[in-house]
Amino acid sequence: MTEKPQKNPGQTPALNVAGVCKSFANRAVLDNVSFQLFSGQALCIFGANAAGKTTLIRIIAGLMPPDDGTIEICGLNLCSQNPQAKKMLGFISHKTMTYPHLTVEENLRFFARLYGLNKSNTRVEELLDKTGLILYCYDLASALSRGMTQRLTIARAMLHRPAILLADEPFTALDAPACENLLALLQQFRNEGGAVVITTNNVSPSLRCCEKLAVLNNRKLFSDIKADQINLEKFC
Amino acid sequence: MIMLAILIAWIFRIAAESAEISAPAIASAALLAAILFSAILVCEKNFASEHENDCLAALILASADTGDIYLAKLTVNVTMLCIFELIAVPAVLVLFKINAGLSWPRLIIAILLINIGFSSIATLLACAVQGTKTANSLLGVLVMAVLSPMMIPAVSALLSLFSQPDTAFDFNRGLGLLLAFDAIFVTVCWLLFDFVAAGQEN
């Protein structure tokens, strides 16, 4: 059973996913997935391996076309108003999405230029400071630890001040302090009015940062799940 | 790349000595072979760093139009080929003793059009085959198959330039066809890049 879009006439949802379907070679992966997310909210989508979490988040990011359904980012249709809608998204993949042969600072400056930021130097320095990467700014991205790499990935995703942050398995291979740091950065992003969507099968850190929980199982998205309804044995 | 070009020219030079083929004909073939293999070498690692860390997704998200990524890569590849040809073209001309009365501006225009045509296809296909197990060999086979119709006007234009006296009619006809191929290849590849990049994501 998928969530019916809630009527909220006073506010345009930051993210509106309606009736998204996707299949690969006649194997259905997502069936009529719908949900809404407003600014400042965080949604965590749980699911076992191969449940379709990455497919869903990449469709929301506009990296993969859905077979059916629509995605609206702050009221902009991701298909028809792609460039404007894309600018409102920040994406964290379980891969780093940074160039290993560039330094931390070079990576951020490169992507800042791609996003066409006016005061890119100021923004890069601000993010280096915020993510605690200032001491590592001249290190090659390939030389960073997993935790530091994840900070760089977040800094890159936040460069252009997106309205929505999409994070695909952000806690994978992070130790406890790195997890804490990531949670703090996500909370900070939400406090500034950003919406967060996380897909994961790592239950405990996700429960701490998201008030909305959903489970992707058997091609369907089950929304408004309570924390005690999550089957820990299934996902941990 | 430069070593490869000189080696190709040298092999063609040896073949020319033992066969009754005119030096301009074999020189144009040698130059085209050198440019073709160099284009494949330039393009084969084009998307390797993007593939490694999912950077292509980051580029797609950051750019206003996915086609911009293709045009940027194409520009870099054409520039790289032009730099390589600063050595390869004089090497071929010296080896085949073609210099007297050669029209350099026309040669430069012809080579630039050949570079754009070769690189346009090689750049798109490099993205398509990136991540496959046989990416390098597959790229070579596909590029040569797709580019084979373009070889005819390319050879015709170069041959007319290298022949003494050069034949302006053949050159202009070859140049016109090269221009047409470039326009078609670049436009089609630019439009297709969105689908190819999305295919990489799938």
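In this predicted model, the contact between the two chains takes 19 residues from chain B and 22 residues from chain A. The size of an interface is often given as the accessible area lost when the parts come together. Here chain B and chain A bury about 1,800 Å² between them, with 59% of that area on carbon and sulfur atoms. On the chain B side, B:Asn53, B:Leu61 and B:Ala62 supply 34% of the area that this chain buries against chain A, more than any other three residues.

**Chain B**

Chain B has eight helices and zero strands, so its elements run α-α-α-α-α-α-α-α from the N terminus on, and its radius of gyration of 18 Å is close to the 17 Å that the globule rule gives for 202 residues, which makes it as compact as a globular protein of that length. Of its 202 residues, 51% count as buried. Among contacts in chain B between residues at least 6 apart in sequence, 82% join residues at least 24 apart. Its side chains include 7 positive and 14 negative ones, and the centres of these two sets lie 10 Å apart.

**Chain A**

Chain A is built with eight helices and 10 strands. A compact globule of 236 residues would have a radius of gyration near 18 Å, and the 17 Å of chain A agrees with this. Buried residues make up 54% of the 236 residues. For contacts in chain A with a separation of 6 or more, residues 24 or more positions apart account for 70%. The chain carries 25 positive and 20 negative charges, whose mean positions are 4 Å apart.

**A:Ala195**

One residue of chain A can be described in detail. A:Ala195 is found in strand E8, which covers residues 195-200. Is A:Ala195 buried or exposed? Its relative accessible area is 0%, and because buried means under 20%, A:Ala195 counts as buried. Leaving aside neighbours within four places in sequence, A:Ala195 is in contact with residues including A:Ala14, A:Leu37, A:Phe38, A:Ala163, A:Ile164 and A:Phe189. A:Leu114 is 81 residues from A:Ala195 in sequence, and the two C-alpha atoms are 23 Å apart in space.

Methods: Residues numbered from 1 in each chain as written. Chains lettered and ligands numbered in written order. Predicted model: local features only at pLDDT ≥ 70, side-chain atom pairs only at ≥ 80, totals over all residues. Heavy atoms only, no water. Helix = DSSP H or I, 4+ residues; strand = E, 2+ residues; numbered from the N terminus. Rg over C-alpha atoms; globule rule 2.2 N^0.38 Å. Buried < 20%, exposed > 50% of the residue type's maximum accessible area, 1.4 Å probe, protein only. Contact = heavy atoms within 4.5 Å. Lys, Arg positive; Asp, Glu negative; His and termini not counted. Charge placed at Lys NZ, Arg CZ, Asp CG, Glu CD. Buried area = accessible area lost by both parts, 1.4 Å probe.
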